Structures are given as structure tokens and as C-alpha cells.
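Reader: I would like to learn how to read features from a structure, one at a time. Could we go through an example together?

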Amino acid sequence: MYENNYPNNYDHTGQSQNVMNRTNQNQGNGNTYQYGSNGSFSGANSGFYTERGADQYGHGKKPEKRNHGNSGTGKKLLVGICCGLLFGLFAGLGFQAIDLAADIIGVRAGRAQVQEDSVTEKETQAVEEESGVKETPEETKVNSSQSVQTTVTDVTQVVKDVMPSVVSVNGKYIERMTFWGQEFSQEGIGSGSGIIVGKNDTELLLVTNFHVVNSAEELTVQFVNGDQAQAQVKGVDEDKDLAIIAVQLGDISNEVMDQIVIAKLGSSDDLTVGEPVIAIGNALGYGQSVTTGVVSALDRTIGTSATQNMSENMDTEINTFIQTDAAINPGNSGGALLNIKGEVIGINSSKIGDTRVEGMCYAIPISDAKPIIEELMEKETRLKVAEEDRGYLGITGVDVKSEYSQLYGAPKGVYVSSVTEGSGADKAGLMRGDIIVAMNGEEVTSMAELKTELQYYAAGTTVTLKLMQAYPDGYRENTVEVTLGGQSSVQ
């Protein structure tokens with residue numbers, strides 16, 4: 001049992017400690033604890049002492065707070081460090097989990113991509129075997145559900161196969177000028193391109209533009225290995241700006257014959273806008289060069305020298321062309337526009353279009369040109385006669401211009417202004433005022449064209465002229481035969 005004695009002295013503090021005089025004797029264990037009036041404490045088994053300084057009623061001065069120093073700040077710092085370490089630990093574990101998941105997904109996607117690439121590679125190889133064109137795809141991802149496929153096309157094999165069928169065409173021209181009644185002339189040089197389109201028993205046949213060979217005194221063809229040979233005009237179509245020229249097989253070496261090939265003509269009817277194309281030609285006369293692009297537009301109607309008569313109320317033919325951004329510069333005229341299979345789909349022309357813009361070049365569709373090419377290839381090749389051996393009509397003439405044709409109703413052709421006495425024309429009955437409109441079935445619309453036709457006839461040759469002669473009731477057609485005289489007969 002515990003016995004507690006509570007004296008009148010009692011001390012009470014804010015920390016709920018009681019200081020009072022009491023004697024507590026524990027009879028169970030023999031221990032005696034003594035609280036003195038001065039706040040002292042003694043016990044049988046303790047030897048420490050505590051002084052409170054309490055008054056009689058226990059309301060003395062408050063106990064002083066312990067000065068912990070920096071121990072509180074240290075604990076906070078330690079707690080912060082521990083929290084940071086824990087956060088870093090969990091964050092690292094989270095990132096490791098994300099990386100692991102991404103690796104797993106990447107492996108699966110890689111396997112699927114390998115399978116897709118395998119299928120694509122097989123398809124690409126099949127296309128390359130068919131067309132000879134190698135393609136390198138580079139895919140750029142736009143988002144998770146959309147991608148853009150870009151293709152870099154290698155045309156080296158196509159160019160290697162087709163280049164031997166394209167030639168350079170160089171011509172010499174006589175430029176004539178009149179100043180104060182005096183005629184002056186000087187020699188000029190022009191360049192263009194051509195495509196080998198056929199061969200017969202004696203000739204190699206090439207197609208080019210009419211404006212490349214028009215009025216040329218001499219034509220030279222340069223083949224892929226640099227060898228050159230003389231060429232002659234076989235037939236022309238001025239309205240379509242097409243011409244066939246021929247090179248005698250006897251003028252071509254066996255080495256060249258082993259290297260050249262005949263171009264494969266394709267179809268321009270199957271073209272689509274955006275389809276890749278290749279242009280080969282003698283750009284600027286520097287030799288064969290290659291440019292690439294796409295089909296920019298189809299069936300473009302462009303005004304040419306043959307279609308400019310529309311404003312003159314003359315019958316004319318509207319021509320359409322392939323528009324491309326592949327560079328077609330002067331010298332490329334008559335060259336080949338190819339598809340990726342190496343087939344000719346157009347005949348380039350640098351004369352068509354506006355020189356003030358870039359990236360807009362044109363070519364004659366091969367489907368339109370094929371019938372004309374086949375027709376011109378059947379014509380007889382005419383060889384030019386040396387200048388000293390050429391025949392002459394014995395006339396002077398001027399062109400019937402469009403305004404005079406409309407004003408007086410005169411046909412276009414060569415107006416005979418004078419006839420040399422004793423010449424072939426004089427003997428055939430030609431008179432001043434007659435208009436020559438054709439010679440040997442070839443239409444003549446200018447004095448320049450008449451002179452070009454006469455280059456193929458020697459003195460003593462008889463030609464047939466179609467004339468339009470004036471009568472009171474208008475012009476009547478008449479046909480006469482003229483025996484050409486030598487140069488001395490017109491002097």
C-alpha cells in the first residue's frame with residue numbers, strides 16, 4: 001500500500017509539476033521518497049537534487065526554456081536532405097521504368113518496320129528491274145498518323161542508255177542585211193539538238209525542230225563520241241516546228257555505228273502532271289547535258305511563229321505543248337524529253353514561251369509528232385548543190401506582207417518585181433506582178449524560202465512553178481515550167 005501525505009505547501013508550474021511537502025512510503029518495496037519544503041527531493045535509491053524556487057502557493061518564477069541552439073535547424077536540414085534523397089530515388093526508378101517501356105515498344109516497332117522495309121525493298125527492286133531507275137526513299141514523320149514520302153531519283157542508268165540516241169546539230173547561216181540600198185551578208189553559226197529515230201538502207205534519220213535547220217547553208221551532226229558528219233534536210237513541217245534530217249551511212253564510221261542507238265518513242269497521251277521527266281540536249285552549244293524536272297502542265301496552247309497569224313484572220317492550226325520545269329535552254333531545241341523508262345515523250349523547243357520567266361519550258365508531245373515524223377521520213381532526201389553549180393530563176397522579188405494581202409486580196413508568196421532578160425524565167429513567160437506561191441509542190445511564202453528551195457537544184461534543171469497572176473476580175477492560178485540557168489545568166 002502507498003501512503004501519501006500532502007502538506008499545505010504546494011507548488012504548481014506550467015509544465016504540470018507539483019512541489020509539496022509529502023512523505024511517501026512504499027511499504028511494498030521498502031523505498032522511501034521525501035519531498036522537502038524547499039523543493040528538494042530525496043529518496044532511498046536516488047542521489048540527485050532539483051531546485052524549483054517556488055513560493056508558498058506554487059506561483060514562483062517560470063522555468064527557463066532550454067536553449068537548444070542550432071539543433072532545430074539541423075533537424076530541418078536533415079529532414080530536407082532525406083526527402084530530397086527519397087524523391088530522387090523514386091524519380092530515378094520512374095525514369096528507368098519509362099525507358100524500359102520505350103525500349104520494349106521500340107523493339108516491337110523496329111520488327112514491324114523491318115518487315116515493312118523488306119516488302120518495300122522487294123517492290124523497289126521490281127520497279128528498278130523494269131525501268132532501270134534506282135530510287136532512294138527518305139520518310140519524314142509528320143505526326144503519329146501521317147507521313148510524307150520523298151523520293152530522290154537516280155537517272156544515271158536512263159541517261160547512259162539514251163544519250164547515244166541524242167546528237168548535236170550545228171548549222172552555218174548567211175545573214176543578209178540591206179543598208180542604203182546595198183545588201184550585206186555575213187556568216188553565222190547556230191546550234192540545236194536532234195534525236196535518232198530511224199535508219200534505212202542508205203541513211204540515218206533524225207528528228208529536230210524546223211527552226212534549227214531553217215535557212216541553214218550547211219548542217220553538221222555530232223554524235224555521242226564527238227565524231228561529226230554532214231546532214232541534209234529530208235522534210236519539214238513549219239506549222240509543227242518539226243524537221244527530219246538525214247546522214248548518209250557512208251559518212252558514219254563503224255565505231256560510231258556501234259555506239260549509237262535508235263531512240264524509243266513512247267506516248268505523251270498517258271502523261272500525268274507531276275510525273276518526273278528528263279531533258280537531254282546540246283544546251284548553249286556546249287555539248288550534251290542533262291536536266292531533270294516534272295510535268296508541270298499538259299495541253300498548253302502557246303503562240304509560235306506558225307500560230308501568230310491568228311490576229312490576221314488567216315487559217316491556222318492551234319498547237320499544244322507539254323510544260324515542264326526541266327531546264328530547256330537555247331541549243332536544247334530538237335532534243336529529247338524522256339520519262340523515267342527512257343522513252344521519248346516530247347521534242348524540246350526553247351523557242352516556245354516567254355524568255356522573261358523561269359521554270360516554264362515546253363516540248364512538242366510525241367504523240368502529236370509521230371504521224372508527221374513518219375510522213376517526213378518517207379520523203380526523198382535532197383542534197384544541196386555547190387554554190388557555183390546552183391541554178392537561178394533570173395528574177396528579183398519581194399515578200400507579199402500580210403497587210404498587203406488583206407488590203408489588195410493578193411495571195412502570200414513572192415511578188416516578182418523584175419525579170420532578167422534572157423533568163424529561164426523570162427523564157428518561161430514570167431512577168432512583173434506575178435506571185436510565186438509554190439515550186440515543185442513545196443509552198444513558198446517568202447523570198448528566203450524560195451532561195452532555200454533553189455539550193456537543191458543545179459543549173460539546167462527544170463522546175464515547176466505555181467503562179468498567181470493578176471486579171472481584171474482577180475488573181476488566177478497558172479503553172480509554168482522553168483529551166484534554171486547558171487550564175488552567169490543572171491549577171
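Reader: Let me begin with a glycine: is Gly-422 buried, partly exposed or exposed?

Author: Happy to start there, and please keep in mind that this is a predicted model. Burial is read from relative accessible area, where under 20% is buried and over 50% is exposed. Gly-422 has a relative accessible area of 40%, so it is partly exposed. You will find Gly-422 in the loop between strand E22 (414–419) and helix H7 (424–428).

Reader: How far apart are Gly-422 and Gly-485 in sequence and in space?

Author: The two glycines are separated by 63 residues in sequence, with 9.5 Å from C-alpha to C-alpha.

Reader: Now salt bridges, please. How many does the structure hold?

Author: Here is the general idea: side chains of opposite charge can pair when their charged atoms come close. In this model there are six salt bridges. One of them joins Lys-234 to Glu-203, with 3.0 Å between the closest N and O atoms. Lys-234 belongs to strand E13 and Glu-203 to strand E11 (residues 203–208), so this pair ties together parts 31 residues apart in sequence. Both Lys-234 and Glu-203 are buried.

Reader: Which residue forms a salt bridge with Lys-264?

Author: That is Glu-343, and the closest N and O atoms of the pair are 3.5 Å apart. Lys-264 sits in the loop between helix H4 (254–259) and strand E15 (276–282), while Glu-343 sits in the loop between strand E18 (336–338) and E19, so the pair ties together parts 79 residues apart in sequence. Lys-264 counts as exposed at 55% relative accessibility, whereas Glu-343 is buried at 16%.

Reader: And what is the distance between the closest N and O atoms of Lys-379 and Glu-442?

Author: For that salt bridge the value is 3.8 Å. Lys-379 lies in the loop between helix H5 (366–377) and strand E21 (395–399), and Glu-442 lies in strand E24, so parts 63 residues apart in sequence are tied together. Lys-379 is partly exposed, at 30% relative accessibility, and Glu-442 is partly exposed as well, at 29%.

Reader: What about rings: how many aromatic pairs does the structure hold?

Author: A pair of aromatic rings is described by the distance of the centres and the angle of the planes. This structure holds zero such pairs. Charges over rings can still be found: Arg-382 lies over the face of Tyr-456, 4.2 Å from the ring centre. Likewise, Arg-476 lies over the face of Tyr-471, at 4.3 Å from the ring centre.

Reader: Turning to strands, why is E20 described as largely enclosed by the rest of the structure?

Author: Count its buried residues: five of the five in strand E20 (residues 361–365) are buried, so the strand is largely enclosed by the rest of the structure. Then look at its partners. Strand E17 (residues 320–324) pairs with E20 in the antiparallel sense over three bridges, and Ile-322 stands opposite Ala-363 in E20. Strand E19 (residues 344–349) also runs antiparallel to E20, joined by four bridges, with Gly-346 opposite Pro-365.

Key. Residues numbered from 1 in each chain as written. Predicted model: local features only at pLDDT ≥ 70, side-chain atom pairs only at ≥ 80, totals over all residues. Heavy atoms only, no water. Buried < 20%, exposed > 50% of the residue type's maximum accessible area, 1.4 Å probe, protein only. Helix = DSSP H or I, 4+ residues; strand = E, 2+ residues; numbered from the N terminus. Pairing = 2+ DSSP bridges. Phe/Tyr/Trp six-rings, centres within 6.5 Å; stacked < 30°, edge-to-face > 60°. Lys NZ or Arg CZ within 6 Å of the ring centre and 35° of its normal. Salt bridge = Lys/Arg side-chain N within 4 Å of Asp/Glu carboxyl O.
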